[in-house]
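Subject: Structure for your files

Hello,

Here is the structure I said I would pass on. My notes on it follow below.

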Protein chains: 4
Amino acid sequence: MSIAVSAQPVALAPAGPAGPDDIARLVVSCPDGPGIVALISSFLYRQGANILQSDQFSTGSRGGRFMLRTEFQLGRVRERLELLERQFEFEVARRLRATFRVRPAATPTRVAIFVSRHDHCLLDLLWRARRGELPVEVVTVISNHADLERDVAGFGAPFVHIPVTPATKAEAESAQLDAIAGQVDLVVLARYMQVLSGDFLDDVGVPVINIHHSFLPAFAGAGPYERAKARGVKLIGATAHYATEDLDEGPIIEQDVVRVSHRTGVPDLVRKGADIERAVLARAVDWHCADRVFVDGSTTVVF
Amino acid sequence: MSIAVSAQPVALAPAGPAGPDDIARLVVSCPDGPGIVALISSFLYRQGANILQSDQFSTGSRGGRFMLRTEFQLGRVRERLELLERQFEFEVARRLRATFRVRPAATPTRVAIFVSRHDHCLLDLLWRARRGELPVEVVTVISNHADLERDVAGFGAPFVHIPVTPATKAEAESAQLDAIAGQVDLVVLARYMQVLSGDFLDDVGVPVINIHHSFLPAFAGAGPYERAKARGVKLIGATAHYATEDLDEGPIIEQDVVRVSHRTGVPDLVRKGADIERAVLARAVDWHCADRVFVDGSTTVVF
Amino acid sequence: MSIAVSAQPVALAPAGPAGPDDIARLVVSCPDGPGIVALISSFLYRQGANILQSDQFSTGSRGGRFMLRTEFQLGRVRERLELLERQFEFEVARRLRATFRVRPAATPTRVAIFVSRHDHCLLDLLWRARRGELPVEVVTVISNHADLERDVAGFGAPFVHIPVTPATKAEAESAQLDAIAGQVDLVVLARYMQVLSGDFLDDVGVPVINIHHSFLPAFAGAGPYERAKARGVKLIGATAHYATEDLDEGPIIEQDVVRVSHRTGVPDLVRKGADIERAVLARAVDWHCADRVFVDGSTTVVF
Amino acid sequence: MSIAVSAQPVALAPAGPAGPDDIARLVVSCPDGPGIVALISSFLYRQGANILQSDQFSTGSRGGRFMLRTEFQLGRVRERLELLERQFEFEVARRLRATFRVRPAATPTRVAIFVSRHDHCLLDLLWRARRGELPVEVVTVISNHADLERDVAGFGAPFVHIPVTPATKAEAESAQLDAIAGQVDLVVLARYMQVLSGDFLDDVGVPVINIHHSFLPAFAGAGPYERAKARGVKLIGATAHYATEDLDEGPIIEQDVVRVSHRTGVPDLVRKGADIERAVLARAVDWHCADRVFVDGSTTVVF
């Protein structure tokens, strides 16, 4: 097996200004080995692409996994996408035994937000989406309570009220799946206070990001603020992670903490916690939607 | 029962400049109730003391505990200390069912530092003590290894090498107790890698501060950095706490964290951890020695 | 001059549970000297008040200024307020040459928010006010643009559009003053992009809090993010301060920073800045409304 | 001009374990344009090198500058270094109009530390160098005072005392230059309290890193802590930057801050400042010595 690199002149003249429609992202994951960057960057060069930014990481040169995320500029990239994928599959991915994905940077990620009664994470996501800070399209907001319907309407997003009781949980999850099937690329649990079943997670077919109101693995489970208070910790935190069947055990995307003291009562912990939760969740959703997060076993690589 | 407050003129003329020898600290802990601050501040006023700084906290007005720390200026406070204590006992503490302590601010806390092979916490404490940043007198450094003897000598502190093996542990602890009996007010475990027995903690008769290299309660026990890496956390931390028989469960004095990523391998975690450990331990020792830490059940109040 | 402290039994039995209507705050500022705490706490004790929390600070025992903030519980405090003030004036304030204020903790601060087109600070304040996190009543939102009218309506707050041009500035300020005269206790400039005249600040009669989008005194004036980028700083910040005629020179209430790098372009600086601005402004408004901020010359004391 | 990329099979079998002696770093800076990564990575691949880590940044695709830092593994890299450089010059650098440098990762940077009387930055650098945390060889410590001689001796480093007075400054600088000429790759000003002349900076021939005890550009010049106190800032900082003739204006490498309050007097500011200074300087030196810092006009790119 050999790489036929058809060489081209190095155009030192800078390329034209990149409009957002000319920018795409390539993410690659494969077994590590020599020559990967050369192979991929030569491919992009032959296509006429200009690399704007590139990150790579290897979990170890012997038996490890190589991950790469490249943002490149290429004229009419949307129209050429399908062909580009086929060529990359044939010329690069097969040789590297790689999984990969290319997508235009301007394509928003379609998101369903699940929420219960706490409004802080939901409102922050809707607000950031509206001001163009998060590259998402909020396809639907699903809640087991009706409380936040008016707020969601204010942002012009659809709201679906699907009540959940222990007796109707299976039914409710089925309704939730119907409401999002084929419509979304991501589910965000923005303080959704129901535990999703393993069946739901199996069937949903897209990643699910959850925000947990503690610095995991400390205070996994219910009542983290009360337990943090009882334990006398000096910092409280929040953790955004991919939801898995093992509750609060999924790969961590982002965490942060805020300082507390003996003067911080539980209501104040809840308030300070809300601020850190919405910040951490917004960052995790942003990074996921920008293709910056790779799952690596029980952990993540975040470029 | 009534308070006889012998009133004095309020001297609006400011008192003379406070030399360090004129400053003392009063710490009080008692059941909460009305009138405590009035009683204590009136007592100090009648003594001619000028309150420089005061902190107080109540764990709840009904059935809670009141804690107070006051720094005051009073001429010739050292000479008057014994009388002051007796008067405070008689005029204030009995009425409030309070425990209390008065001590001149200039009196250093006598400290024994226990260490194994890691030098970072030890050197930082010795350096801060030397430059007058920590109000301590390092009476002795005790180690189960001889490695750090020369470093300790460089700071002019005594070094005692007491090897510990499973077979000789009881003997070694006995030697440790002999080395510090009556000599110290505080024991600091500066990455001392032996577990102290319950007997030692019972017999030592002074508080023992430990530094644990994780953000407790996450990763209690051994190998916290390795486990943090495996779990993919985005922050690592350190925790200074009072040592109790329940390993890693004692009241927390201070904690802090530092950001890590997938690029931070275990050796880098150890390095970043060392920086955060020495900072957290130094703060905890400083605050303890400044009488700023009150133990409140399994937690602490830190003024 | 002597203090007649009519002594009362120390009631060790704890007082009844404090409802929010029974809690008030006393703030005092006076020349420092001995006996101040005794005088104030004895006064409160004689009134039957139970001190819940107290902070004090002196800028120096010789010629310095003493500041105190006490939160206390006292039955029917609203009804007794006027009498309490008169008694405090007579029994305490005159002797100490003190300025003071007492007010029920449950009384919200009446606020006017000035805004231009940036929505982040405004929305955050409105949202925190709605969820009961900020002890404020938003009396009016005044803007020189109409853009945010609908958002403000969604929160049920009045919105007044007062356009400002160089030619109409004096008129506009006059209309602004009319709109808030006697109605508000505080003006918050939530990224209001017009410079208020000295006349306005003289006439408004209440404190004015501004948020500046840099870590003052670095990058005072216009375009701080662009200048931060050009200077290559590694952190950007925000500063909440009292507005004075010396633009960007007023006493600082709160500041915070966030890490940036060469990869953070100006648009990203603006986004990250928006997050830190809204957090810093919300804290400053909260602390001001909780009577926790004392102006001390060109600086502040924040309890 | 065309690139003749002689293609090789992609060896999917992982390379052998990288010893520190097999690892080298390549840093490249050139005008941006398409094909740069392909050209460089293909070059490394043809040499048999395995890229372990790579960072790149462009200041703009049109007329901007491209910077790259690659860590690669290559057997017997030391012996092959000269040839590698010549080949890179011929095959890559000329085409890209690039400046570049290759050096084995295990080669320590030779450092001269300049210091006056403050010990905190110096001791921290010496300690980190001793424990292998900083990839440096401390060739000499030069001071205008003799105070720290014994401390430096304790770490086994040479100490040169060169007094400086206004009258002897030129002479002293000449003696300093003699002491380090050809011996060092970097000068670190670890709280060296003399201003170096433009002549010195011209003649020294290696980068000079300085630590300034404020968050630049705030409080440039003398007495930053006193001025920070007077201005009432809520955070104090430290800035490590390359020294230039424009005092406190050189490109910033790293900054950090720590929270202070009205209770933090100037001596406490100095203490807290010392902690942040030594941390910031150590990071800047580490990154510089790891070839992670690129100067870009008045700013830096730090990988």
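Predicted model: local features only at pLDDT ≥ 70, side-chain atom pairs only at ≥ 80, totals over all residues.

Arg191(D) sits in the loop between β8 (186-189) and α6 (198-204) of chain D. Most residues other than glycine have a negative phi. Arg191(D) counts as buried because its relative accessibility is 6%, under the 20% cut-off.

Chain D has another residue of this kind. Phe219(D), also not a glycine, has a positive phi of about 60 degrees. Its place is the loop between β9 (208-212) and α7 (224-231) of chain D. With a relative accessible area of 10%, Phe219(D) is buried.

In chain B, Pro217(B) is in the loop between β9 (208-212) and α7 (224-231), and a cis peptide bond with omega of about 5 degrees joins Leu216(B) to Pro217(B). Most peptide bonds are trans.

Next, the annotated position. UniProt, in an unreviewed entry, lists Asp248(A) under "active site". Asp248(A) is located in the loop between β10 (235-242) and β11 (252-259) of chain A. Asp248(A) counts as buried because its relative accessibility is 7%. Leaving aside neighbours within four places in sequence, the residues in contact with Asp248(A) include Leu216(A), His212(A), His241(A) and, from chain B, Arg231(B). The side chains of Asp248(A) and His212(A) are joined by a polar contact of 3.4 Å.

Some figures for chain A as a whole. Chain A has eight helices and 13 strands, and 57% of its 303 residues count as buried. Its C-alpha atoms fill a box of roughly 65 × 40 × 35 Å along the principal axes. Of the contacts in chain A between residues at least 6 apart in sequence, 68% join residues at least 24 apart. The unreviewed UniProt entry also places "domain: ACT" at residues 25-97 of chain A. Over residues 25-97 the chain is 44% helix and 34% strand, and the end C-alpha atoms are 19 Å apart.

Now the interface of chains A and C. Here 20 residues of chain A are in contact with 20 residues of chain C. The buried area between these two chains is about 1700 Å², with carbon and sulfur atoms giving 27% of it. There are 12 salt bridges between chain A and chain C. One of them pairs Arg130(C) with Asp151(A), whose closest N and O atoms are 2.7 Å apart. On the side of chain A that touches chain C, β2 (50-58), α3 (120-130), α4 (149-154) and α8 (266-289) each supply at least two residues. The most come from α3(A), which gives six. By class, that side of chain A has 13 charged, four polar and three nonpolar residues.

Asp256(C) is part of strand β11 (residues 252-259) and is buried, at a relative accessible area of 17%. A polar contact of 3.2 Å links its side chain to that of Arg283(C). Not counting residues up to four places away in sequence, Asp256(C) touches several residues, among them Ile276(C), Val280(C), Leu235(D) and Arg259(D).

Regards

Terms used:
Residues numbered from 1 in each chain as written. Chains lettered and ligands numbered in written order. Heavy atoms only, no water. Contact = heavy atoms within 4.5 Å. Buried area = accessible area lost by both parts, 1.4 Å probe. Salt bridge = Lys/Arg side-chain N within 4 Å of Asp/Glu carboxyl O. Helix = DSSP H or I, 4+ residues; strand = E, 2+ residues; numbered from the N terminus. Nonpolar A, V, L, I, M, F, W, Y, C, P; charged D, E, K, R; others polar. UniProt positions renumbered as here; feature names shortened; annotations may be inferred. Buried < 20%, exposed > 50% of the residue type's maximum accessible area, 1.4 Å probe, protein only. Polar contact = N/O pair within 3.5 Å; in protein donor to acceptor, adjacent residues only side chain to side chain.
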